[in-house]
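Hi,

Here is the structure I promised to pass on. Have a look at it first, and then read my notes on the strands below.

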Amino acid sequence: MATATWNGEVIAESDDTVVVEDNHYFPIESVHQHLLRPSETTTECGWKGTANYYTLHVGGEDNVDAAWYYAEPKPEAAQIKGRVAFWKGVEVTS
């Protein structure tokens, strides 16, 4: 079971993560959605496509752009569609 934690709260947990470039991509349904705030930020990855971001809102604090996902990944990254990954101090254990 992989677990993502930040600011003392579990954000996501699943036994069905996909690991790409050392990042666990959690199924979106395993993420506590009430902790996510949509962000305007996007970045480009040459082989995965356009990443969109969420800001985490936990315990009254924001962790800006600490979660990302690929709404329409390129074919080479199809396995991460519908999944979310974390960084910026979010601890992921498995």
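Let's start with β4 and β8: strand β4 (residues 23–27) pairs with β8 in the antiparallel sense, over 2 bridges. (Strands here are DSSP runs of E with at least two residues, numbered from the N terminus, and two strands pair if DSSP finds at least two bridges between them.) Across from R83 in β8 you'll find P27.

Before going on, a word on the source: this is a predicted model, where local features need pLDDT of at least 70, side-chain atom pairs count only at pLDDT 80 or more, and totals for chains, interfaces and linings use all residues. Residues are numbered from 1 along each chain as its sequence is written, and side-chain values use heavy atoms, with hydrogens and water left out.

Back to β8, which also runs antiparallel to strand β7 (residues 61–69), joined by 3 bridges. There, A67 has F86 of β8 as its bridge partner.

Which way do the residues of β8 (residues 83–86) point? R83 and A85 go one way and V84 and F86 the other, and all are buried, meaning under 20% relative accessible area with a 1.4 Å probe, protein chains only.

Then there's an open sheet of 3 strands, in the order β2-β1-β9, with antiparallel pairing. Its edge strands, β2 (9–14) and β9 (91–93), each pair on one side only. Between β1 (residues 2–6) and β9, which run antiparallel, there are 3 bridges, and T3 stands opposite T93 in β9.

Cheers

Terms used. Buried < 20%, exposed > 50% of the residue type's maximum accessible area, 1.4 Å probe, protein only. Helix = DSSP H or I, 4+ residues; strand = E, 2+ residues; numbered from the N terminus.
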